[in-house]
Amino acid sequence: MSSVNQLIDYHQKRYNALPQFLVKAPGRINIIGEHTDYNNGYVLPTAIDRYIYFVISRREDNKFNIYAADLDKDHTFSLDHKPNVNGYAWYLHITGVIDEFRKKNHTPLTGLEITYGGDIPGGSGLSSSAAIEAGFATAINTIFNFALTKLDLAYVAQMTEHHHIGVQCGIMDMYASIFSEKDKVLLLDCNSLTHQFVPLDLKDCIFVLVNSGVKHNLADSAYNERRQQCEFGVAYFQTIDQSITSLRDVTFQMIESAKDFLDPIVWKRCKYVIEENQRVLDTVAYLSENNLEKVGALLYASHKGLSEDYEVSCKELDDLIDIVKELPYVLGARMMGGGFGGCTINLLPISKLNSFKKTVSEKYKFLYNFNPDIIEVNNAQGITIDSLIDLDTNKYTNQV
Ligand code: GLA
């Protein structure tokens, strides 16, 4: 975990360079709509006040120096050397972005000194990777005047995950990090890739995250497998109606009629996606009526679907949901993000927060001998990039 000021300090000492740009790229929560994004469905995320920060200075040659402060690791590459990596490496989230820009015929003219870090806990399902990729893509776009749109930048970040990290993720995480606004959640239609802002007025309630502390190794392969199972489902529905291009076009009636014809696993994966899309739309309607009880019930229903039909939960996450179900003041909860670990998202009255923290910690500790992090987050503005240099004096402003 590093603060902006620490990062600026590291940057100046390490590179002996004036910090010129500061990028602030938020993580995200998702209220509801899980595993629907890559099925052209609906999601309801928003950026949160946890960030990856990049401090950047230009170089005159074509060398890039990257320092990942939270990992205390560095990496150097130059534009004329292709990285030769087998498997995963932390810096692929950065070098991959440059590669994706080059595929669009946008090659940076010079190298950069880069320092980054922040306060999004890694591996907790708050999309620190998407924040790194989308944040760095925004930096490259601004510093080299490439004039890509925000949607292009979201694609660059998503393709970095696909081509360099090996996760066939949807676009939700990077889209939320880029497009979010304060006091609103994004209703993103992943079919048209357009969004509406839904006001977030929770009255006396808050969303609180509980981090199970589980980081599942199989998460990436299981994620890609879920995606494939949905594609099998789509292929079947196309034999019935050629105009179907994704599960978004499949109705409740069609899924019911397919029960005896589809592989049972594929069938329940598809059923879950179709139901979850409806839950997103219902949540938006209940939010606009301020009916938080109903929103909470949909969160519990979403968890049940994720656990039993989509099978992306795990024992620890299910136990966290069972624990809060016994607390009458909790309106609803579910696992959040890709699954197999990470956080649950819980809706409860602010006045009960202390009691919630105490009970959940005690019960989870009793089961797993582990104190779960209970994280309060606020919704936040999407990625920003600021110049740290005063244009009149060409001096570092030191105003962060
Ligand atoms: C991960 C992916 C997203 C989305 C969620 C599940 O966070 O990166 O694209 O599919 O899982 O909703």
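Aspartate 319 counts as buried because its relative accessibility is 13%, and the limit for a buried residue is under 20%. The structure is a predicted model. Aspartate 319 belongs to helix α10, which covers residues 315–325. Apart from residues up to four places away in sequence, aspartate 319 touches Leu367 and Tyr368.

Aspartate 319 is one of several buried residues in α10; the others are Leu317, Leu320, Ile321, Ile323 and Val324. An α-helix has 3.6 residues a turn, so residues three or four places apart point the same way. The elements against which the buried residues of α10 pack are β9, α9 (292–309), β10 (332–335), β11 (343–349) and α11 (353–368).

## The second largest pocket

In the second largest pocket, β9 (residues 205–211) supplies three lining residues, the largest share from any element. The space in this pocket is about 260 Å³.

The lining of the second largest pocket consists of 14 residues. Nearest the centre of the pocket lie Leu200, Leu202, Val377, Asn378 and Asn379. By residue class, the lining has eight nonpolar, four charged and two polar members.

## Aromatic pairs

The model has 14 aromatic pairs. One of them joins phenylalanine 54 and phenylalanine 136, with ring centres 5.8 Å apart and planes at 35°, so the pair is classed as tilted. A stacked pair would need planes under 30 degrees apart, and an edge-to-face pair over 60. Phenylalanine 54 is in strand β3 and phenylalanine 136 in helix α3 (residues 128–143), so their pairing ties together parts that lie 82 residues apart in sequence.

Phenylalanine 54 is buried, because its relative accessibility is 0%. The relative accessible area of phenylalanine 136 is 0%, so phenylalanine 136 is buried. Phe54 and Phe136 form one aromatic cluster together with Tyr116.

## Aspartate 61

The side chain of aspartate 61 makes a polar contact of 2.7 Å with the side chain of arginine 59. When neighbours within four places in sequence are left aside, aspartate 61 is in contact with Thr110 and Gly111. Isoleucine 240 is 179 residues from aspartate 61 in sequence, and the C-alpha to C-alpha distance between them is 58 Å.

## Lysine 150

Lysine 150 is part of helix α4, which spans residues 150–165. Lysine 150 is partly exposed because its relative accessible area is 45%.

Phenylalanine 179 is 29 residues from lysine 150 along the chain, and their C-alpha atoms are separated by 7.5 Å.

Conventions. Residues are numbered from 1 along each chain as its sequence is written. This is a predicted model: local features need pLDDT of at least 70, side-chain atom pairs count only at pLDDT 80 or more; totals for chains, interfaces and linings use all residues. Side-chain values use heavy atoms; hydrogens and water are left out. On a 1 Å grid over the protein atoms alone, a cavity is a set of points where a 1.4 Å probe fits but cannot get out, and a pocket is an open set with protein on both sides within 12 Å along at least five of seven lines; lining residues have an atom within 4 Å of a point. Grid points are joined across faces, edges and corners, and a volume is the space filled by probe spheres set on the points. Helices (H or I, at least four residues) and strands (E, at least two) are DSSP runs, numbered from the N terminus. Ala, Val, Leu, Ile, Met, Phe, Trp, Tyr, Cys and Pro count as nonpolar, Asp, Glu, Lys and Arg as charged, and the others, Gly among them, as polar. Contact means heavy atoms within 4.5 Å. A polar contact is a pair of N or O atoms within 3.5 Å; within protein, one must be able to donate a hydrogen and the other to accept it, and residues adjacent in sequence count only if both atoms are side-chain atoms. Rings of Phe, Tyr and Trp (its six-membered ring) pair if their centres lie within 6.5 Å; planes under 30 degrees apart count as stacked, over 60 as edge-to-face and the rest as tilted. Buried means under 20% relative accessible area, exposed over 50%, partly exposed in between (1.4 Å probe, protein chains only).
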